[in-house]
Amino acid sequence: MENLLSLSFDYLSSFDGVKIRKGLRQLEGLLAQICLSRATTAAERRRSMAIDGVAKSSPKDLASLSEDPAFREFFKLQEGFEWNVAIRLISCLERLLGKGSNGQNDLLLVSTLDLLRGVLLIHPPSRSLFAREIYMNLLLDLLDPSSCPAVQSSAILTLVTALLEQPSITRCFENLDGLLTVTSLFKNRGTSREVKLKLVEFLYFYLMPEIPYAGRDAANSHGGMHRSPSKASRLGSGGRERRDCEEGTRTTNEKQSLLGRYLNNVEDLVEDLKETAPFGTSFG
């Protein structure tokens, strides 16, 4: 697995779009092998062929995934800087962002963001990278009004994944005027309807009660695999990410007050969130 990752990282470090695309596809193929399972019996293969015309892979259930040797090896490799996929994808985003906006570059940005989201979901401790201001600013830069709608939409979804069950990273987002960035894009007349809908969904997500990842039962979510504090501090180089962000959670009312500085009628969003519980969360 180290050889596959090393080859992919070499391609991702290139400034050549063709090589970057190849690196992304190699990583995607590796993650697909880890997370998807092919039909194993003749009957399953026949059913798959009858429905789709091809032998289709299906997602592994979470319980079996956590016991899969390949997944456990991948998860373990992600705990060190050398083989961490998220940091390589973030570095790739930095280079792509510096090349400006054009059709091919925007496609690479979207593909990189899509893959980054998958990695952050497979390996939640990698979200701690976005506790560093430089990396959080990168996501916020992608929400610039000049970015194409596809990049903006993908960046919003990636931001949600980075903040998921991470109150300290949410504080970093707030400290860097993330709410101003999001609401300014929402109020911009040139922002597409699709992006505005995703921004509303993001605001619903932001206003939800905060539940730290560390407070979850790690055994239920990752088969007992989670990062030790010492390894977590090494991932972001020098532990600076812990210094960049404030710890602690905020209530929905506190976040409503913050958001109200930039957007009117936030109380309507909160009431709607409490009534509909779109993410299945009870406010009590």
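Biologist: At roughly what angle do the axes of helix α1 and helix α2 cross?
Modeller: This is a predicted model, in which local features need pLDDT of at least 70 and side-chain atom pairs pLDDT 80 or more, while totals for chains, interfaces and linings use all residues. Numbering starts from 1 along each chain as its sequence is written, and side-chain values use heavy atoms, without hydrogens or water. Helices are DSSP runs of H or I, at least four residues, numbered from the N terminus. The axes (lines fitted to C-alpha atoms over the stretch in contact, with angles from 0 to 180 degrees between N-to-C directions) of α1 (residues 2-12) and α2 (residues 17-35) come within 7 Å and cross at roughly 150°.

Biologist: Are α1 and α2 roughly parallel or antiparallel?
Modeller: Angles under 35 degrees count as roughly parallel and those over 145 as roughly antiparallel. With a crossing of roughly 150°, α1 and α2 are therefore roughly antiparallel.

Biologist: How many residues of their contact are charged?
Modeller: Contact means heavy atoms within 4.5 Å; among the residues making it are L4, F9 and L12 of α1 and K19, K22 and L30 of α2. Counting Asp, Glu, Lys and Arg as charged, the contact has ten nonpolar residues, three polar and, as charged, two.

Biologist: Is R189 buried or exposed?
Modeller: R189 sits in the loop between α11 (178-187) and α12 (193-207). Since its relative accessible area is 83% and the cut-off is over 50%, R189 is exposed.

Key. Helix = DSSP H or I, 4+ residues; strand = E, 2+ residues; numbered from the N terminus. Buried < 20%, exposed > 50% of the residue type's maximum accessible area, 1.4 Å probe, protein only. Parallel < 35°, antiparallel > 145°, perpendicular 65-115°, else oblique.
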